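Here is a short tour for anyone meeting this structure for the first time. Take a look at the sequence and the model, then read on.

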Amino acid sequence: MPHEAPAAVCEGLVRIYSSPSGEVHALKGVDVVVPAGRVTAITGPSGSGKSSLLRILAAQDRPTAGLAEVAGQSLTGLSTRRLRALRRRSIGYVFARPAQNLAPHLTAREHLAAAARLRGTNGDDAAELLERLGLADRADHLPAQLSGGEQQRLAFAQAVTGRPALLVADEPTSELDSRTTTDLMAAVRGLADAGTTVVLATHDALAAAAADRVVHLRSGTVAHEEVAGRRLAVIDGDGRVQLPADALALFPERRALLEITEDGVVLREPGS
Ligand code: ADP
Ligand code: MG
């Protein structure tokens, strides 16, 4: 589906928080395209801006500046009421901790029914989703009767009922072991193959490896992307490129001679 419109687009996205000790520039001009029906992983060290980016994509927060578009709607300037409506209709959300996603007194089936009611859909996809996420024989179980991995799979099932445009998950595998992480990512892959768009933040190399595209953040900017096993530098609309740390170390003066050759663009240290 190369010509399908992306599920979400960010351009020059900026998020600045005010705190007692001053401003925190969490996102400093982030360009990201989230292709529809694919799994996009956001990686990067703690504090690099993953959760800030995900909260904006999930319509839980607004950018300070720049463009963020989800399901064809710009989030900039949306009223709180419209933001909430967009969130209900178009976004599924999964928290990191299994217990945060589920209500202890509801069975798996009842979770899906409640999620469908909230979204305003009839929930007729519940049986299919439980099957797809390997929970068909757990439909009448309460969360306490499910393993951590089953609980997270149920969280994904309820988040995608009613076919939201975007499923957003912030570190959904952080409390799972590697075996369960692999199972969960296989289930996420199944959702994407059935047309769901997934964006997840992760520290976990296993989870990132299962994504179609990995966007690596470093201090609030996109350091690079990985698509089909190739690492791509991202060039912003003004022509800025972020050099990887080992390349940056070659330029102690932070100045480069730039030459366009037949093979591409070459950066040289001016002293050389
Ligand atoms: P990550 O999810 O990659 O760890 P975050 O998006 O949570 O990164 O945080 C990015 C930066 O923004 C960090 O420096 C963090 O301390 C800061 N930050 C996040 N949320 C807030 C907030 N509500 N108020 C002030 N600073 C915040
Ligand atoms: Mg985070």
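Ligand 1 has a shell of residues around it (heavy atoms within 4 Å), including Tyr 17, Val 24, Pro 45, Lys 50 and Arg 55. This is a predicted model, where local features need pLDDT of at least 70, side-chain atom pairs count only at pLDDT 80 or more, and totals for chains, interfaces and linings use all residues. Residues are numbered from 1 along each chain as written, chains are lettered from A and ligands numbered from 1 in written order, and side-chain values use heavy atoms, without hydrogens and water.

**Around ligand 1**
- Helix H1 (50-57) and strand S2 (22-34) each supply at least two residues of the shell; helices (H or I, at least four residues) and strands (E, at least two) are DSSP runs, numbered from the N terminus.
- H1 gives the largest share, 4 residues.

- An N or O atom in the side chain of Ser 52 lies 2.6 Å from a ligand 1 oxygen.
- On its own, ligand 1 exposes 560 Å², and the protein buries 63% of that (Shrake-Rupley method, 1.4 Å probe).

**Helix H7**
- H7 covers residues 178-193 and reaches 22 Å from its first C-alpha to its last.
- Among its buried residues are Leu 184, Met 185, Val 188 and Leu 191 (under 20% relative accessible area, 1.4 Å probe, protein chains only).
- Just after H7, Gly 195 takes a positive phi of about 110°.

Methods
Polar contact = N/O pair within 3.5 Å; in protein donor to acceptor, adjacent residues only side chain to side chain. Expected span 1.5 Å × (residues − 1). Buried < 20%, exposed > 50% of the residue type's maximum accessible area, 1.4 Å probe, protein only.
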